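Please look over the model below before reading my points.

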Amino acid sequence: MRRFVILPGIGGSGEWHWQTLWERSDPAMRRFRPASWDAPVLEQWIDALDEAVGEAGPSCILVAHSLACLLVANWSARSNLAAAGAFLVSVPDPQSAAFPVQAAASFTATPAAPLRFPSLIVASGNDPFGSVIYQRCRAKQWASRFIELSALGHINAASALGDWPEGLRLLREFADGIDWRG
């Protein structure tokens, strides 16, 4: 069975965030558990991701939102563990005025190297944390496929997407396109 590791950003994706709703409805989706959701430290988040991937196995798909997208890029560059792919939603720009530099200072230096696994970046046309131009640039650097959606803000609970059926469809299509049996 394919497993999915849910990787929320700062705050841990609250009760009405699509990641939380997906996790509740699908036992194949498990959330990683960093030391702090509100005061993220990159090294601690990498350790927590290593633990989650170790439990889920190398055929897992990483499902990252916001700050966790930067985590995935750093994890890809530093960890020896494998994942089958990464579904990256709303990649934030550490140089944007909206980026929480004080809370997430250890995430500001983001690797530009291609990820070690297939990936898909899903961007909103009006994301205050990362422009479409920035996210397209990251897609090229990380060798990720790229999909731009309409104006959905930061694609979070404030976007009022509920369980975001369009996103779940995109995730399933992405996962189905990966040869995960090695």
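**Notes on the pockets and the sheet**

1. The second largest pocket has 13 lining residues, and those nearest its centre are Arg-30, Arg-31, Arg-33, Ala-52 and Glu-55. A pocket is an open set of points on a 1 Å grid over the protein atoms alone, where a 1.4 Å probe fits and protein lies on both sides within 12 Å along at least five of seven lines; a lining residue has an atom within 4 Å of a point.

2. This is a predicted model: local features need pLDDT of at least 70, side-chain atom pairs count only at pLDDT 80 or more, and totals for chains, interfaces and linings use all residues. Residues are numbered from 1 along each chain as its sequence is written, and side-chain values use heavy atoms, leaving out hydrogens and water.

3. E1, E2 and helix H2 (42-56) each give two or more residues to the lining of the second largest pocket. H2 gives the largest share, five residues. Helices (H or I, at least four residues) and strands (E, at least two) are DSSP runs numbered from the N terminus.

4. Which classes line the second largest pocket? There are seven nonpolar, no polar and six charged residues. Here Ala, Val, Leu, Ile, Met, Phe, Trp, Tyr, Cys and Pro are nonpolar; Asp, Glu, Lys and Arg are charged; the others, Gly among them, are polar.

5. The largest pocket is lined by 16 residues, and Gly-9, Ile-10, His-65, Ser-66 and His-154 are the closest to its centre. Its lining has six nonpolar, ten polar and no charged residues.

6. Now the sheet. Six strands form an open, parallel sheet in the order E2-E1-E3-E4-E5-E6. Strands E2 (29-31) and E6 (145-149) are the edges, each pairing on one side only. Two strands pair if DSSP finds at least two bridges between them.

7. Strand E3 (residues 61-65) runs parallel to strand E4 (residues 85-89), joined by five bridges. Val-63 stands opposite Phe-87 in E4. E5 and E6 are also parallel, with five bridges. There, Val-122 has Ile-147 in E6 as its bridge partner.

8. What do E5, helix H4 (residues 132-142) and E6 make? They form a right-handed β-α-β unit. Right-handed means that, with the strands pointing away from the viewer, the path from the first strand over the helix to the second runs clockwise.
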